[in-house]
Amino acid sequence: MLWAPAWCAFAGLGALYHAAQGQLLDCSRQSSVRQLWQGEAPVEGQLSSLKEVCCATDFPLTDNDHDTLANWQLDTPPGINSTGHLIFETVSSLLQHWPNTRMRNGHNIVPGMVPPGTLLYRGSWNSSLPPGPGWTATDPEHSVLFCRNLVSEDGCWHLTLISTRPLKVVYFDGSSAAKAPFATMDTQDVIAWGDVQPSWPLEEMDRIEDLCKWGREYDVDGFVRMEMDFEIMLCNFTSGVRLISALNLAGPVMPRNSSPKSSRMFEAMYAGSLHNQYPGETRIRLDLSGLISFYDTELVPSLVAARFGKERWDHRLLNISREDVKRVRARLGEVLSRPTGQSSGIDWQGLIRVIVDRYSERLQFVRYLLNSVDTDVNDWGNVADYAIKTQLQLRNLLVPYILVNTTPPTIGPKTKGTGSDALDWARPTYRLCATTHTGVLKDDVMTTSEKVLLSAVRETTAEICRVLTKMWGLGVLAGTDQFMGTVNELDAEAIQNLMKRWRKEVDELMTWLDWSVWVKCRPACGPEEICYLTTWPVGFPLPPLPPLPQNGYCVPLLPSQPRQCKVPMVTGLLAQSVVPPLEISGDWERPQPRCIRRVDPYESSFRDHP
C-alpha cells in the first residue's frame, strides 16, 4: 500500500519539471481517473492512471461534474418537510441505548442476525423453557431482575442459552419494549396487526405471537427491542438455541425489615448504559441494506402531514394510511426474502459515523467560542479576538475543499452585501464539501433502502456544508480570515453583527441535526455517579393493570412479558406489591440528562423494596 503515495510524489515532481519547461501534463483522460476512484480497473496501465490522479485540478473528479454551481445556493435551506436528517440521525443511533432512550418513538425496522455462540438469558420461576414464544435478555443483570421463586421454594431460576446457528431477527428501534401508550410500540403494532393500537401496551403475549406468526413465512427467529436494556423475543426455544444452564440462584430479594444497600433495578439500567454510544449492542448485526424507515416520505407519504409542526418527541404512526401500511409490510417482506449479498456492500453505518465524528465535536466547539463572548458588551478587542478564533475553526473544517483560486472579489470592512450573490465565489467550496463522501457512489447497484440512506447522507452533509461555507464566507468578507487578506482595521459594528449571525446559524444547524451525541451531563458526573436519562419504567406513569386473581399474584418474566398469574405465586418484590409505588419524573416525556448515584444512597425510584 506504500507504493501509491510514493508514485504520486514522484509524478508530482515530474509535473513540476515539465511545467518549468513550459510543458503541460496531460490530464484529459478523466475516464480512467473516474474508474480508479470507483474501484474499477483502468483501461490503461495502473501507473498511468495514478499519474492522472496526481494531476492538479480545480474541480472534483466525480459523476456530478455536469452539475452546475447554480444548483449550490448558499441561501437555500432544506425544505420544511425534509426528513433526510432524521433518517441520518436515527440510523446513526441504531442499537445504542442513549439516543433510543432520549427519542423513544422508534421509526426504523431493520433486519439483522445474531451470530452463533451468543449467550442469552432468561429469569423465571422454574427451570423449563417456554413451549412457545418467549423473552430473553442480552445481559444477565437484566434477566436476573425477573428471576423469581415459588412460595415453597428457595432461590430463583436463571436460565442461560446459547445460539447454535445464525438467528434471523428483526430490530425495532426506539424504546420499543416500553409498555406505554405513547408511540413506543407503533412500528411493531403495524407489522403484527396492520395498525397502531395505543390502548394495547400490555397485550404482550398477543403481540409476540402475532409477530412470530407474521415472521414465520420469512424464517424469522426473533425480534429485538429495547427498554432498560436490550432483549430478544424468541419465537421458538427449540430451534437455533440450546439451554446450557438452569441455575437455582440465591434469592435476589432483600429480607424484610432490612435496610436496602443495593438496587437490582439500577444494575439492570447500568448494564443497558454500557451500550449507550456507538457501536452500541454489538451482539446483533444489522443489515442496513434492508432498512425500513417511517421517515421515508416516498414509502410512507401519509405521515408527512401528521408530523407537520410537531417536535420530534411527538412523531408517531397514528395517522398512517392503510395503503402505506401495505407498502411497508410488503417492503419488509421483500427485504427478508432477498438472498444475502444483494446490495452495494457499502458500510453505511461506518460512513455515517465518519460524518458524525468529523463534525460533532467541531460544531460544538464553534458554538462554545461564539458563546464565550458577550457581543453586546463594549469590549471590542475581546469580540474581535473571538471572531478571528471562530473564523479559524470554520476554515479548519473547510480546508480540504478550499481551492487555490477561491478568492472573493473584495475583502474588508467596506465589503457590501451578505446575500448569496456576495458569496458566489464560495460555491465551489460548498459543492466540494457536500459531495466529498457521496459524489462517486453509484445508486444503480444499491437496494431501495440504500438509495434512501444515500439521499439522507447527501441531504445532511449538504446542509452542514452550506451553513459552514456561508459562515466562513461571511467571515472572509468581514476581514477575519488571516489566510485571505485580513485587513488591519476591523469594523466593530460589522464584527458584532457577524458574531450574532454566526451564533444564529450554528444554533439552527445543530437544532436541525439534533444529534444525541451532544446530549451530555454538564458538568460531568462524579466517580460515584452516572449520566442518566429517565428510562422506562422508572419515573414513568404506568398503564392501568388488569385485576389480580383471587388469592394469587401476577409476575412478569421480563418487563416485556404480560403478567402471568398463578396460585400460589412468588414471594419477594412483586408478591408484596405487584408494582411498587414509583415516583413520576418531571422529564419523563422529554428526558434530560442528569447525574444519579450508582451506589447507596440511590434515588428513591431505584431502591429495592424489601
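Which residues touch the most other members of the largest nonpolar core? I looked this up in the predicted model and found Tyr359, Leu363, Trp472 and Met499, out of 85 residues in that core. I then noted that helix H15, residues 448-478, gives the most to this core, with 16 residues.

**Entry: a second core.** I recorded a second, separate core of 31 residues, which includes Met233, Phe294, Ala306 and Leu332.

**Entry: Trp472.** I listed the contacts of Trp472, not counting residues up to four places away in sequence. Its partners include Leu394, Leu398, Ile402, Trp425, Ala426 and Met484. I also found Gln391, Arg395, Thr406, Thr429 and Asp481 among the residues that Trp472 touches.

**Entry: Val328.** I located Val328 in helix H11, residues 322-337.

**Entry: strand S2.** I checked strand S2, residues 119-124, and counted 5 of its 6 residues as buried, so the strand is largely enclosed by the rest of the structure. S2 is joined by 6 bridges to strand S4, residues 156-163, and the two run antiparallel. Within this pairing I traced Gly123 to its bridge partner in S4, His158.

**Entry: aromatic rings.** Ring pairs link Phe88, Trp515 and Trp518 into a cluster. I next looked for charges placed over rings. The charged end of Arg358 sits over the ring of Tyr359, 5.2 Å from the ring centre; Tyr359 is also one of the residues listed above for the largest nonpolar core. Arg598 lies over the face of Tyr270, at 4.4 Å from the ring centre.

**Entry: confidence.** I noted a mean pLDDT of 83 for the protein chain, with 77% of its residues at 70 or more. Where does pLDDT stay under 50? I marked residues 1-66, for which the model has 65 contacts beyond four places in sequence. I also marked residues 550-579, for which the model has 98 such contacts. Where pLDDT is low, the predicted coordinates should not be read in detail.

Key:
Residues numbered from 1 in each chain as written. Predicted model: local features only at pLDDT ≥ 70, side-chain atom pairs only at ≥ 80, totals over all residues. Heavy atoms only, no water. Phe/Tyr/Trp six-rings, centres within 6.5 Å; stacked < 30°, edge-to-face > 60°. Lys NZ or Arg CZ within 6 Å of the ring centre and 35° of its normal. Core = buried A, V, L, I, M, F, W, Y, C linked by side-chain atoms within 4.5 Å. Buried < 20%, exposed > 50% of the residue type's maximum accessible area, 1.4 Å probe, protein only. Helix = DSSP H or I, 4+ residues; strand = E, 2+ residues; numbered from the N terminus. Contact = heavy atoms within 4.5 Å. pLDDT = per-residue confidence, 0-100. Pairing = 2+ DSSP bridges.
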